Protein chains: 2
Amino acid sequence: MRPPAFLLAVTVSATPLPALAADVAAMRDAALKDEIAWDITEGLTTEVGQRLAGTEAEARARAWAVERLKALGFTNPRIEPFDMPVWVRGEEKAEIVSPFPQKLVLTALGNSGATPAGGLTGEVAAFRTLAELEAAGDAQVRGKIVFVDHAMGPTQDGSSYGVYGVVRRQAPSAASRKGAAAIVIRSIGTDLHRNPHTGSQSWSEGAQPIPAAALSLPDAEQLKRILSRGKPVTMKLTLTPRNIGTRQSGNVIAEVPGRDPSAGMVLVGCHLDSWDLGTGAIDDATGCGIVTAAAKRMMDAGQPLRTIRVVWFGAEEVGLFGGKAYRDAHRNEKHALLAESDFGADRIYQFDSYVNRAALPVIDRLAAFLNPIGVAQGGNSARGGSDVAPLAATGVPVIALRQDGMRYFDLHHTPDDTLDKVDRDQLAQNVAAWTAMLATVANDATELGPVAPTEDE
Amino acid sequence: MRPPAFLLAVTVSATPLPALAADVAAMRDAALKDEIAWDITEGLTTEVGQRLAGTEAEARARAWAVERLKALGFTNPRIEPFDMPVWVRGEEKAEIVSPFPQKLVLTALGNSGATPAGGLTGEVAAFRTLAELEAAGDAQVRGKIVFVDHAMGPTQDGSSYGVYGVVRRQAPSAASRKGAAAIVIRSIGTDLHRNPHTGSQSWSEGAQPIPAAALSLPDAEQLKRILSRGKPVTMKLTLTPRNIGTRQSGNVIAEVPGRDPSAGMVLVGCHLDSWDLGTGAIDDATGCGIVTAAAKRMMDAGQPLRTIRVVWFGAEEVGLFGGKAYRDAHRNEKHALLAESDFGADRIYQFDSYVNRAALPVIDRLAAFLNPIGVAQGGNSARGGSDVAPLAATGVPVIALRQDGMRYFDLHHTPDDTLDKVDRDQLAQNVAAWTAMLATVANDATELGPVAPTEDE
């Protein structure tokens, strides 16, 4: 990079070699026409498709990723393997046996137990909320097929997933502990299409695995209407998922080497694995496209001060295995900053940071670059995206570029997570924001830490 | 009805007992708050759900219909049974074997042949249009799995279904005659959800049944992208539908008796059967709700001049068996007018007629009642909805109340045809238009015919 000629923001401190403001703005604006992120997203979802963690499909995705990162000119694309337990989906059927015989559409939740091959029939015990289920006496639940309804709506920041996601994560164990034969929940989602939302859950202490599944939203509405007639409702479930033991997954890692190794790395991440129902377009091929396109643009602009490390994490969906493996393998390396893209590809509307207060002038400078593309400055208490969270929790600075989540949970973890849902203009705005972020932070030697470890570890 | 006090339109002729304009307007406006149509739609889709023609589910739907029509106070609700051949869906799976292994989502078309139970594997031969397939040499097709793509867009009047529906109706036979092993088409639809569109097709002379299915739109796009890589594409299909022989279906019929049998009946129709994937909400529970609600409102307003006959036709989807059976059984009765609702429940934007020119003043008077709720007057060359078309073709007047079709083919014949897609305000606007139509036509003795038989018979 050339030495600075002029600086945009009056708050800029005299740090060594900060990015040239005109260069950053030009790189940002050029990225608004980015096609690299689209090409990666289109390629991965077309040539691999779904890539459930620990399966042969995820292995093909890793090979694809190494090949693509090599073709883009990244340094040392490589796989860091790790082992993990693997659960795979089987047959999935549900029907109302009485009073109104009809089929329902559902899908098993991660780690669901199986019904007998011929299915399991039981009376439905309905609860409006997780709290109602938890408050119920065992007699209301024992031997029944529990149904938990709820009423998730979309929020821009995705926070409703935190609120309602507990139904998926905790209701199966709660039902199991009370002796339920099985559980079906209303999908954790915000659409009205007959594409159920899967997702991870794990059995808590004392909870034996039982069949656990999510009804599509229209099917949950239908079951609620059927129950409203006041007659006992009998349901038959056939779910035959199984655990297939320990398999290999892995993280795919590559770099744009920086001029000053002592300045620490900027890690930009995404996750390579997907759930098995869709093709993992918005979750999270776009994330890999966005961070890789931004890093490639940095590579092409000349050697950055700091090394940029791109990590396509494995096995995020099923338990953050990749993020934890990365933390364990790399926690002693100097990471200047962590950032992950894992919330689709709709436009970034805000960014937050978690840096030492002394480094806030860098964040202010970044804000001046992001504001022209519609990104507001948020606060300084960001936590990392899911895969970088384990390392971030040890006390590493973070920047979070927040994407509009209003339609994310229409698609998330469903068969409908396919390429056609990606808006190319919004995808490019993401790349522009990430490029501006890297051009600001990777060319500025200001220490962003230390920051206090967070409770997440 | 009381005698007329004043008349809205100057074109009104001095027919016996035409409807009182103020009464018609009041009935129309009261119907804008209609709940009868919603209750029928909600009840039928919840308490029966899918009701494939000729199956036990359609029989339950007939029993439900008789019960509901009786509860609403209609005269002589009854079933007129007829026999028909029945085809039922089996297992449905598809996957790309190479070069990029992944599952695809599809559904069999009506009368599809079956693959072996273990599936059928073949190379894909792709054609952009039906015309391309028809122009292809047999060698390009023989032993292959044919894929026909196309590019249907939505139109307000649904006319694109006519243009692109030929792919579904004709491509399977064309592929079969050229020796194809199977055929998959892009669903005849306008959405981008992973819910394929089924629909009827029948094998033309010389075409042996082969497996025939429709890919969801995102899956068709995916297959197109996979093909664009230029490598041979191998697909495996497993489809096990079967013909189960002759079964009973039936039409459900009831009346609001009129004061003057010699004036002929006004028949308002819909179809009771549905495809088996959704719950048949917009196709066509809403149609039954709309026409029945309008007829009930007429019943409650006092005895009409003409008898209003409500017909919930059976077995429409799979070949108009109900419409043809009705024509054969009732062609010698005097039908003053035929009208059917079978295009969802979005708002009516226009109406067309097919009446004798001497009766056009009645149509003009109706226009004056419909205009205030956003319905424009169209032309006088309407044809009947599908079930009334066979009788209409013998030379019976028709009114067509046209619904907005912009989102109809997002849902039509898919698992997504469920109650949540019905807009209650637009549904009530439909009832208001139908009520105004009945209040105008059923209380006016003007002969609407004779009209010339049409070529459709």
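Helix H6 (residues 159–177) of chain A lies across strand E6 (145–148), strand E7 (182–186) and strand E8 (212–215) of chain A, and runs at about 155° to E7(A); contact here means heavy atoms within 4.5 Å, angles run from 0 to 180 degrees between N-to-C directions of axes fitted to C-alpha atoms, and helices (H or I, at least four residues) and strands (E, at least two) are DSSP runs numbered from the N terminus. This is a predicted model, in which local features need pLDDT of at least 70 and side-chain atom pairs count only at pLDDT 80 or more, while totals for chains, interfaces and linings use all residues. Residues are numbered from 1 along each chain as its sequence is written, chains are lettered from A and ligands numbered from 1 in the order in which they are written, and side-chain values use heavy atoms, with hydrogens and water left out.

In chain A, eight strands make up an open sheet of mixed pairing, in the order E3-E2-E9-E5-E6-E7-E8-E4, where two strands pair if DSSP finds at least two bridges between them. Strand E3 (102–104) and strand E4 (106–108) of chain A each have a single partner strand and stand at the edges, so one side of each is left without a neighbour in the sheet. From one strand to the next the twist averages 30°. Strand E2 (residues 92–98) of chain A is antiparallel to E3(A) and joined to it by three bridges, with Glu95(A) opposite Lys103(A).

Buried means under 20% relative accessible area, exposed over 50% and partly exposed in between, with a 1.4 Å probe and protein chains only. Not counting residues up to four places away in sequence, Leu133(A) touches residues including Val146(A), Val148(A) and Ala171(A).

Aromatic rings of Phe, Tyr and Trp (its six-membered ring) pair if their centres lie within 6.5 Å, planes under 30 degrees apart counting as stacked, over 60 as edge-to-face and the rest as tilted; over all chains there are 10 such pairs. The rings of Phe313(A) and Tyr326(A) have centres 5.8 Å apart and planes at 80°, so this pair is edge-to-face, and both residues are buried. Tyr408(A) and Phe409(A) are also edge-to-face, at 5.1 Å and 85°.
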